[in-house]
Amino acid sequence: MSVDAPARDLVRVRGLTIRYGDTAALSDVSLSIREHEIFGIIGPAGSGKTSFLRALNRMDEFTPAMTVDGAVEFDGKNVRDWRNAYALRSRIGVVFPLPVGLPMTIYDNVALSPRLRGIRRRSELDEIVERCLTRAALWDEVKDRLDSLGSLLSGGQQQRLTIARALSQEPQLLLLDEFSIAVDPVTTMRIEDVLKELKQEVTIVLVTNLVQQARRLADRTAFFLMGEFVELAETEQLFTGEVADPRTRDYVEGRFG
Amino acid sequence: MPGSRPHAEIDRRNADWYVDKLVQVTVFVSGVSAILFIIGIFVFVTIEGVGFIANTLDFGEFFGSPAWRPTSETKPTYGALALIVGTASVTGLAMLVAVPFSLGAAIFIGEFATGKVRETLKVLVELLAAIPSVVWGFIGLSIMNPLIIDVFNVPVGLSILNSGIILGLMAAPIMTTIAEDALKAVPDTYREAAEAMGATRWQVIFRVVLPAAKNGLVAAVLLGVGRGFGETMAVLMASGHSVNLPTSVFDSVRALTATIAAELGETAQGSDHYAALFTLGIFLFAITFLINLAADVVVRGIRKGK
Amino acid sequence: MFEATELNDRNRRAERLWRWLFGMMTGLLIVPVVLILGVLIVKGGPALSIDFLFTEPTDGMRAGGVFPALIGTIWLVAVALLVSVPIGVAAAVYLSEYAPDNWLTRLINLCIINLAGVPSIVHALFGVGAFVLFFKFGISILAASCTLAVLTLPVVIVATRESLQAVPQAFREACWNMGATRWQTIRRVVLPNSISGILTGVILEVSRTTGETAPIMFTGAVFLLPFLPQSVFDPTMAMSLHLFVVSTQVPGVPDELPYGVALVLIGMVLCMNALSIAFRVYLRGKKKW
């Protein structure tokens, strides 16, 4: 599949409104995410960025108080119409700011998703584990202790383990929610380089509160503010001030947030 | 790679989906089995007694007469009063013994004891709760019986006193555990707030902790009563087992449970006597069901109150 | 200043008094039981021997050992576990992992509480009516074990549910996010991390089942059998019932014999409980997250 082919929309969101109980966390968002782009979402805390991600793979089902209205289309099909929500989720990798290393060995953490897909051959699993851990910039630190518990790694390491796990799903769509929050700057840069490469294969939604990170990575960036979808633009435009809404310029230039 | 996923993989995920549904149905059925067993107990016990209740049983006699003579050749009578009084007196004495001591023990373990002492006591209480009832019965029969005869200079040691003490010792560990849980459920902030106002330890316990844990403590006592009510082997072996309206704690009595245990083996299935024993079973089932329900309602009251 | 000190002294004295009082009450609960266990050991000790465990009762149960009762108890417990553990664990999985918070779940919980609260003799009546007569198992190990299984089901359910719920929700969500089904999540993450807690509950259930007497009296256990059970459809002797029989039903039994039986029975039960407690303490020291 050539990168030069006309970009197709992988995700289409129409009139998305998310509420927790009676409080709206995000109202009336309509946007599209193109295949093979890095789609940045910026905005101050509590703007509904994370809620937006949860709606994409039907994670609202785990939160009884959370209700989602509007339509979310993934790969041309409304996510509500997937009878098998698990199949949907297996095609969407997620990394949350609070890392969760599962209480099994590091190897099993990364091999879990391939195993769920039915891959049994040890050599194949070995290859996937090494590739994913390398891409998540964790391989060098853990390659000699793959059989120690993933849940006992340091916070930053668990974060990268979570990224490796998401990659091991070989997802079509990768949702990253402030992935660098527990990771040191050098490692963050390494992962960012990997993300740029990954763009060839995966569509990435990058939620970040680091405006510069969005600038470095994202092709297009959306700005969410207090539950409102303010605007969406080519990242360069956003940072050169060619924006429609003055609030965006204020946020990008660091006047609030 | 994306968009070109092999179809076999999609199919496999569907297989997983069906497996998941299958498991969900299986565990659901197992969960519901608890309801089915309770209904089953009710139905199977009732079905054997219901004909007897409808045709033969005289309710006035059942609740009003102490004459339990089901094996009489001429005129069998089914007065359960003595059995009810027997059960009630033994359970009552047991609670008299067990309630203060187990609440005291719960307060000591929960509020005073710390570290190793506390852990050791908790383990001991748990081990006490594990002693089988037939062993308790044996203790009543072979250790308590001669002891009571010696100490009180009475002809028989198998009595309300004996089985009441035994039953009290049996029920105490359970009540202690539940009561201690109730005390533990009182948030530490309550204690700290009271201590900050200058209250002493026992003032904190009596004015703050106990009132806050009240419902849990009541539930503990109720469950202890239920336990005493339904206990069979210990009461059968330690109470003397004679149908009798007692006048003192040294009298022998017979309990509802013990009557079933002692006579079921000797009755013909389908006879009036057999059905009468099942009727006692229905009565026991109903009473313990009500006690447990009450305990549950009381415990629920705590959660709502907070 | 002076007054305050006096008050403090009084408070301290009162506090010591209360501590002493409650401590006494705790002691009064525990000491008699320890004494009683001591008497059991002193009186039953002489009866114990390898022979006692491995020979059959002789002379109308007035001499000999407890071998058939011991074997019978093992049969009863094993079959009861085979019935109750799968049902109990599955029910706990439902309650912890699937059950929504609705009236049905509350009803199930209420029934579990009641199942634990129904007198064991009523369970016996149920066993007679349902397993012996209705399902036509007859007086057999199968009928007795099924009765025991229903009786001890709450023990397994409650212990299992607790250890399942001790697994943090974040692990489940992480797994679901990778596209694992609920069952895959349970099998790969939840169960492996709660299996030791479940095992602790099962050991506790073994202890309970070993000591129960009333539920097996009319469903599968008999006073004396000249042979060992060959299948689950045979009746059997049992330790708990044997203690009842030798201490109440047989005249002229030498004193130390029932003490010996009681000691073996209580030894089995307490060993199981101690094992379960030790297991729990060991687990507490071995945190995985």
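Two residues are in contact if their C-beta atoms, placed from the backbone, lie within 7 Å. Residues are numbered from 1 along each chain as its sequence is written, with chains lettered from A and ligands numbered from 1 in the order in which they are written. This is a predicted model: local features need pLDDT of at least 70, side-chain atom pairs count only at pLDDT 80 or more, and totals for chains, interfaces and linings use all residues.

Start in chain C and select helix α7 (residues 169-177) and helix α8 (residues 182-190). Helices here are DSSP runs (H or I, at least four residues), numbered from the N terminus. Colour C:F171, C:R172, C:C175 and C:W176 in α7(C), which meet C:T185, C:V189 and C:V190 in α8(C). That contact has five nonpolar, one polar and one charged residues. (Ala, Val, Leu, Ile, Met, Phe, Trp, Tyr, Cys and Pro count as nonpolar, Asp, Glu, Lys and Arg as charged, and the others, Gly among them, as polar.)

Next, show chains B and C together: 72 residues of chain B are in contact with 67 residues of chain C. Helix α1 (residues 7-55) of chain B gives the most to chain B's side, with 23 residues. By class, that side has 47 nonpolar, 19 polar and six charged residues.

Where they touch, domain 1 of chain B brings nine residues and domain 2 of chain B eight. Domain 1's side has five nonpolar, three polar and one charged residues.

How values were computed:
Helices (H or I, at least four residues) and strands (E, at least two) are DSSP runs, numbered from the N terminus. Axes are lines fitted to C-alpha atoms, for helices over the stretch in contact, and angles run from 0 to 180 degrees between N-to-C directions.
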